[in-house]
Amino acid sequence: MGPLRSKKRRPTFRRLLKTSGMKLENKLKNRQLKQENVAKKQRKEQKRLRQAMKGATLQIPRPLETYRKRPEEEEEEEEFLESLPTDMLDEEDLQQMTAMARKASFITRDLSSCGSVHSGKKRGADVVRGYEKVPRKMARMEEKEVIHLLPFKDKSGVIPRSVERAAKQPRKEEEEEEEEEPAETAEPEEDEGASSSYVEMTPEEREQFRVNTLNMKKQRIATLASAIISDPLNNMKRVKEMRGMMMEADPCVAVSVRKMVMVSLTEVFKDIAPTYRIRPLTAAEKNTKVKKETQQLREFEESIVSQYKFFLEDLEQTIKDWKQKKRKRSQAVSVQSYRGLAEVSVRCLCELLLTMPHFNFHNNIIVTLVPLMNDPLKKVSDMCCDAFRKLFHDDRVGGASLATVRVISGLIKSLNYSVRPEVLRTLLSLRIKEVEMRKDLEATAPKKKFMTNKEKKKNLSRMQRKWKKAEEKLEKELLEAEASESKDKKIKLHTETLNIIFLIYFRILKKAQKSVLLPAVLEGLANFAHLINLEFFDDLLNVLQNLIQSGDLTNRESLHCIQTVFTILSGQGDALNIDPLNFYSQLYTILMRLHAGAPNEDIIIVLRCLDAMLTRRRKQVTLQRAMAFLKRLSTLSLHVLPNASVGILAANRATMHSFPKCDILLDNEIQGSGFYLAELDEPEHCNAQNTALWELHTLQRHFHPVVRQFAAHLSRGAPSEGSAALSMELCRRSPLELFEDYSVKDMTFNPPVASPASKKKDQFVDGAMLLDDELQKRVESILSAAEDTHLDFTATHH
């Protein structure tokens, strides 16, 4: 038999690896335990040493000087010393004691201390004794102030210069006033001393002193601003320091420094402000324990909100001081300078309004700036109106627009409609395209049906339900990734905004029809007329018709009324059975009042009206009415500016395409009986079919090349193809676009007009051939004699 096999199995490689890993872990644990034990022993030894040192200090006896004797013990000691016999002392000892007693060092020396005489000087004298040695009243010294001037440079080197000025003592009356207002007592003395020294300088020194001071302030502001922007989390205290510079007291640079600080802080806040609104923390959130980074972020958010609030309050206070004509006691800034400071404050608020609509206190800025839209100072008013126009144009959700419209509505109502028209014209910049309709209109519209779970199981297969569920989940994730606002929320905000706007307009139409706001109201109604609910149509049409027939409106206001009516009728008002014949007659009458002067700007409203009245409502318009408008518009194109002529001819082209039978106006034959009555203001009865468009022949000789192209195109029947057709650039543009493209606002023609060719000839050959030889010689002799003779026009003959 062979040797017995061991029952113990050989460990595998994995087992060996596992055991080696465990051994390494055990070694590491043992090493850590040893280190902990050593550290524990060291802490115990240090604790014992501290206790031993503490006990040793307690056992040291306190000096006797710290224990004060009771008065009874002191009296007993004095009696004992007096009762001692003096015979025990020799005469020499008594003389030595009296000599030592006369020395000051012996008297003032502290006998209870064991140190040397001069050791107190090294340690420092007693504070109380030092104060006691100071006399109660001192002679009042005259304070002097040193002003460092610019140095001179000589051959020997730089020679410094300085001026000493004695500070003036305040009068009794000023002292009494300063006692009444202690908060402002520190500034007047400094300001008076500085102003007195500033007055005594020469003009050159004053200017140089001011420039130097201003440069120092600029550098300080730049340093603080760069430090804040580079590290906002740790340098928010610098914002408070910059705000302190807004109260600059030096009268020579106060206004400039305050303006620079306002603008600098505005840019700083625009840079460091987060892109979200900071909400205040709740009590539970404040008590919870958070990470160090989170706590630091919270502190930063709290500090930036508080500093931003204080900055806005400073800007608002500057505007209030300007409005109230308040003058500060320090007199660092005059009343006249407050206007410049207020303008800079308004500009800063407008900038913050536009760049930080998401941040805190945005509504507070709106409340501050809306009343300034009606300010008598045109510069401030225009600044605020432009800011709100940009805000309306850039607001894609509608929250800021709604807040602004609410404040404007309250302002107009509180001032009893006595506001500037520009305040209402800013509302035209609102981007409102969709609103919620009434429930009765929604009920008539077909509702979208949604499938229930039972219907899904019944109509869809298992795979289709699975795909539908995956699609819904994907759409939801895409919406969350885009972080886009809900469309329903946007429509809701726009609906509420539009309700407030129409409330403003209808109030003015009802109560203040003769105010200066009526043109702005009519323009606004024309702009938002397609969004008005059906229930207001009848009342609004009656009011507009009464306004036009009253004769109190200007041409532009009447055109706005007509535009409003036809905008309503071309939208939701199609269902209404209304014949707007009176409005056609009114527009037909107004056309002849327009010309190349100021009314030329009203052509753009006419073009909008023609598009709504003739092109979009071509099925409700008769051929007679269309030909009357075509003839009058052609006449109008003769005496307006080139861009207006191009727009009117483009509108005529659209009318001829909508009414092909209008080509009879291009013939000389008379259709029917009667004559064309050009001065009659009724388009249905002016017999326009019996005239011809002779104006097109005249316009073909116009100085503007585009007008000539349109006139030639219309005279041939406005064909879409062929040699007489227009180019693609002119065909695709609407009359409004052509009116804007060829505008002459900058006093330049587009395209530039070529100068006419010269028709003057150098030699008259044909005229010389008509004269005979003798007469020709006589003419030449007279002309040559006239050239040789010198004419004296100064001599006079009486």
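Helices are DSSP runs (H or I, at least four residues), numbered from the N terminus. The model is predicted: local features need pLDDT of at least 70, side-chain atom pairs count only at pLDDT 80 or more, and totals for chains, interfaces and linings use all residues. Residues are numbered from 1 along each chain as its sequence is written, and side-chain values use heavy atoms, without hydrogens and water.

The structure holds 21 salt bridges. A salt bridge is a side-chain nitrogen of Lys or Arg within 4 Å of a carboxyl oxygen of Asp or Glu. One of them joins R243 and D314, whose closest N and O atoms are 3.4 Å apart. This pair links distant parts of the chain, 71 residues apart: R243 lies in helix α10 and D314 in helix α13. R243 is buried, at 15% relative accessibility. D314 is partly exposed, at 26%.

K270 and E351 also form a salt bridge, at 3.0 Å from N to O. Here helix α11 supplies K270 and helix α14 supplies E351, 81 residues apart. K270 is partly exposed at 26%, and E351 is partly exposed at 33%.

D681 and R632 meet in a salt bridge of 3.7 Å, N to O. D681 sits in the loop between α29 and α30, whereas R632 is in helix α28. R632 is buried, with a relative accessible area of 3%.

Notes
Helices (H or I, at least four residues) and strands (E, at least two) are DSSP runs, numbered from the N terminus. Buried means under 20% relative accessible area, exposed over 50%, partly exposed in between (1.4 Å probe, protein chains only).
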